[in-house]
Amino acid sequence: MTEESRQHEPKKNRGTDRRVARTKRNVRMALIRLLSQKPLGEITVTELAGAADINRKTFYNYYSDVSMVVEEIEDEIAADFASAIHTIDFQNISRNPSDIYLTLARLIEKDLEFYASVFAAQEQASLLQKIIAPLKEQLWISFKDQVGQDADEFEFLLEFAISGMVAVYQKWFNTGRKQDIEALSRKISILTFSGINGLTKV
């Protein structure tokens, strides 16, 4: 929607859109809180609607079931990460690898409480796969011809690097977020691209 068309949009519609967005965000946040307490299969529509402070009818205005809310959360986060990843200059990433980690760290910092809840949830496997898929693809394209490894072996090394990054961010969220995330991200990039010897020289 252009700025001009937005200006001519009826105020009533804009107010309705904001209420819908607010209601859906409340539902998503309520589900994330519940997922930190119990498995997805144990969460009912009635329980989720109550946690979001809405009734079942309102819930069904937007979602067919609880799993649809999960899918919407995953798609929203994955789209944000994919968009951020596509701003990175992967052609020059070997000279400045911290760009990867700093870009993701700054994205997380924009909505810390939301991501903290996501990383605390008990069921994250599907979400994490959606998040890391575009990063894997870009790193594969950028480095597969630059390293002295066969394709299968390089895929294992790539899995190691990305899994380590995810594990660090999970631990950072789940241990009180005491460290500066950008400083931590720079150290992760050194470890990933230079190894422990590179870190000891900093």
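**Labels and the values behind them**

Reply: Glu-72 has a relative accessible area of 21%, so Glu-72 counts as partly exposed, because buried means under 20%, exposed over 50%, and partly exposed in between, using a 1.4 Å probe and protein chains only. Before we go on, this is a predicted model, where local features need pLDDT of at least 70, side-chain atom pairs count only at pLDDT 80 or more, and totals for chains, interfaces and linings use all residues. Residues are numbered from 1 along each chain as its sequence is written, and side-chain values use heavy atoms, with hydrogens and water left out.

Me: Thanks! What makes Glu-72 and Arg-28 a salt bridge?

Reply: A salt bridge is a side-chain nitrogen of Lys or Arg within 4 Å of a carboxyl oxygen of Asp or Glu. For Glu-72 and Arg-28 the closest N and O atoms are 2.9 Å apart, so the pair qualifies. Glu-72 sits in helix 5 and Arg-28 in helix 2, 44 residues apart, and the pair links distant parts of the chain. Helices here are DSSP runs (H or I, at least four residues), numbered from the N terminus.

Me: Is Arg-28 buried or exposed?

Reply: Arg-28 is buried, because its relative accessibility is 10%. Arg-28 and Glu-72 also belong to a network of salt bridges with Lys-24 and Glu-76.

Me: How many salt bridges are there by this rule?

Reply: The count comes to six. One of them joins Asp-111 to Arg-25, with the closest N and O atoms 3.0 Å apart. Asp-111 is in the loop between helix 6 (98-109) and helix 7 (112-120), while Arg-25 is in helix 2 (residues 11-35), so this pair ties together parts that are 86 residues apart in sequence. Asp-111, at 24% relative accessible area, is partly exposed, and so is Arg-25, at 31%. Another salt bridge pairs Glu-47 with Lys-38, with 2.9 Å between the closest N and O atoms.

Me: Which residues have the most contacts inside the largest nonpolar core?

Reply: They are Leu-31, Leu-48, Phe-59, Ile-77, Tyr-115 and Leu-135, in a core of 53 residues. The term means a set of buried Ala, Val, Leu, Ile, Met, Phe, Trp, Tyr and Cys residues joined through side-chain atoms within 4.5 Å. Among the helices that each supply at least two residues of this core are helix 2, helix 5 and helix 9 (151-174). Leaving aside neighbours within four places in sequence, Tyr-115 is in contact (heavy atoms within 4.5 Å) with Ile-77, Asp-80, Phe-81, Leu-107, Ile-108 and Phe-173.

Me: Why is Asp-53 called exposed?

Reply: Asp-53 has 70% relative accessibility, so it counts as exposed. Asp-53 lies in the loop between helix 3 and helix 4 (56-62), and its phi is near 65°, a positive value in a residue other than glycine. Arg-177 has a positive phi too, near 55°, but Arg-177 is partly exposed, with a relative accessible area of 25%.
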